[in-house]
Amino acid sequence: VFQAAYRNGLPSVMTAHEYKLVCANQVLYDDRAQSVCTACIGVSAPRKFLAATSRRCIKGSLGGTLLGAVEAPIGTWLWARTQGAVLAPSAFMAGVLTSDGLPPGRVETLELPWPEVREPAVGTRDSVLYFGRVEKEKGVFVALEAWARTMERLPELTLRIAGTGGAIDEAREIATGLSRVEFLGYLDPAGVTRELDRSVM
């Protein structure tokens with residue numbers, strides 16, 4: 001697609017929902033260490049390759065990481081040739097992209113259309129809400145750990161987890177040792193709005 005746009009002189013715009021232009025595993029997360037990793041930001045292509053492969057940061061697999069580490073610079077080079085614009089869905093992501101070398105003039109922060117926060121009826125805010133993909137890199141286990149430390153001090157609240165993902169079974173297993181954790185599964189936009197209306201955070 002990039003090449004076709006480039007050959008025909010067409011302007012290109014890409015929304016960067018993941019860190020594909022920066023990081024071989026696209027999520028700035030080391031799967032083996034189970035921690036955030038920024039070793040690929042602001043370094044040369046050879047150092048990006050070594051940073052990824054030495055950590056086996058794609059699901060702990062050397063083969064998978066090698067494929068990602070080879071593919072990433074090719075995709076980035078093909079995109080760079082188009083001189084296209086990148087829409088970043090957060091100021092943080094925009095900062096990561098520009099600190100890795102994308103010209104600031106080609107990166108624009110895309111403000112997402114969050115629903116207006118309405119004041120609900122008194123007494124209806126009874127939960128703490130996590131919503132998003134249920135994956136390690138998205139912070140669901142951080143939410144569960146925080147809940148384990150605070151749930152006894154918040155007896156009037158319930159942790160409600162909305163979303164699905166590959167870590168759902170592990171999250172449910174952790175939750176069996178906790179009080180007042182509910183898994184809601186996938187919610188449509190109206191469902192998310194309802195949950196936001198009843199949550200304290």
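# Reasoning about buried residues, cores and pockets

In this predicted model, Glu195 has its place in helix 7, which covers residues 189-198.

User: Which residues are in contact with Glu195, leaving aside its neighbours within four places in sequence?

Analyst: With those neighbours set aside, Glu195 is in contact with Leu129, Arg160, Leu184 and Leu187, where contact means that heavy atoms lie within 4.5 Å.

User: How do you know on which side of helix 5 the buried residues lie?

Analyst: The buried residues in helix 5, which runs over residues 140-150, are Val140, Phe141, Leu144 and Trp147. Because they cover an arc of only 120 degrees around the axis, they are on the same side of helix 5. The face turned away from that buried side carries Val142 and Arg149, which are exposed.

User: What covers the buried residues of helix 5?

Analyst: The cover includes strand 6 (127-131), strand 7 (158-162), helix 6 (168-175) and strand 8 (181-185).

User: What makes a set of residues a nonpolar core, and which residues have the most contacts inside the largest one?

Analyst: The members must be buried, belong to a list of residue types that includes Val, Leu, Trp, Ile and Phe, and be joined through side-chain atoms within 4.5 Å. The largest nonpolar core has 18 residues, and those with the most contacts inside it are Val134, Leu144, Trp147, Leu159, Ile161, Val181 and Phe183. Two or more residues come from each of strand 6, helix 5, strand 7, helix 6 and strand 8, and helix 5 gives the most, with four residues.

User: What is Phe183 in contact with, apart from its neighbours within four places in sequence?

Analyst: Phe183 is in contact with Ile161, Ile168, Ala171, Arg172 and Ala175. A second, separate core of 15 residues includes Cys23, Ala88, Met93 and Leu102.

User: What is the volume of the largest pocket, and how do its lining residues divide?

Analyst: The largest pocket has a volume of about 1100 Å³, and of the 32 residues that line this pocket, the closest to its centre are Phe131, Gly132, Arg133, Glu137 and Lys138. Its lining divides into 18 nonpolar, nine polar and five charged residues, and Glu and Lys are among the types that count as charged.

Conventions:
Residues are numbered from 1 along each chain as its sequence is written. This is a predicted model: local features need pLDDT of at least 70, side-chain atom pairs count only at pLDDT 80 or more; totals for chains, interfaces and linings use all residues. Side-chain values use heavy atoms; hydrogens and water are left out. Buried means under 20% relative accessible area, exposed over 50%, partly exposed in between (1.4 Å probe, protein chains only). The arc is that of the directions from the helix axis to the C-beta atoms. On a 1 Å grid over the protein atoms alone, a cavity is a set of points where a 1.4 Å probe fits but cannot get out, and a pocket is an open set with protein on both sides within 12 Å along at least five of seven lines; lining residues have an atom within 4 Å of a point. Grid points are joined across faces, edges and corners, and a volume is the space filled by probe spheres set on the points.
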